[in-house]
Amino acid sequence: MSRQIKLIWDFRGPASAKTAEHHEIHLKEYIAIEQLSISITGFEVLTEMHAIAFMVVTDEHMIQVRDALKPHRGELYT
């Protein structure tokens, strides 16, 4: 079984929550266009001034998605 990696985009400022929520829409569009078998996306509001959008990929798709979408960071997903 391959590892799952959570690719994360950080958004900061008073509009961070709305921006992260909107960015998730674009992540889902990318998944559909590229016909990827990725089903975990989302956004989280961490504080008033910091929110994230994320996509969980396997090792198989990580480099393709990383190079195309330029996430700010990544971590192992458990």
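These legends walk you through several close-up views of one predicted model. Residues are numbered from 1 along each chain as its sequence is written, and side-chain values use heavy atoms, leaving out hydrogens and water. Because the model is predicted, local features need pLDDT of at least 70 and side-chain atom pairs count only at pLDDT 80 or more, while totals for chains, interfaces and linings use all residues.

**View 1. The open sheet has four strands in the order 2-3-1-4, with antiparallel pairing.** Strands (E, at least two residues) and helices (H or I, at least four) are DSSP runs, numbered from the N terminus, and two strands pair if DSSP finds at least two bridges between them. At the edges you will find strand 2 and strand 4 (73-76), each pairing on one side only. From one strand to the next, the twist averages 30 degrees. (Axes are lines fitted to C-alpha atoms, for helices over the stretch in contact, and angles run from 0 to 180 degrees between N-to-C directions.)

View 2. Look for Q4 opposite T58, and for V45 opposite A51. Two residues lie between strand 2 and strand 3, which form a hairpin. Eight of the nine residues of strand 3 are buried, where buried means under 20% relative accessible area, exposed over 50% and partly exposed in between (1.4 Å probe, protein chains only).

**View 3. Strand 1 and strand 4 run antiparallel, joined by four bridges.** Here I5 has L76 as its bridge partner in strand 4. Helix 2 (residues 59-69) packs on the sheet and touches strand 1 and strand 3; its direction makes about 135 degrees with that of strand 3.

**View 4. The largest nonpolar core holds 15 residues.** Such a core is a set of buried Ala, Val, Leu, Ile, Met, Phe, Trp, Tyr and Cys residues joined through side-chain atoms within 4.5 Å. L7, W9, L36, I38, M55, V57 and V65 touch the most other members. Strand 1 (4-12), helix 1 (16-34) and strand 3 (50-58) each give two or more residues to this core. Follow W9 to its contacts (heavy atoms within 4.5 Å): beyond four places away in sequence, they include H23, L27, F54, M55 and P71.

**View 5. E24 sits in helix 1.** Is E24 buried or exposed? With a relative accessible area of 12%, E24 is buried. Not counting residues up to four places away in sequence, E24 touches T41, G42, F43 and A53.
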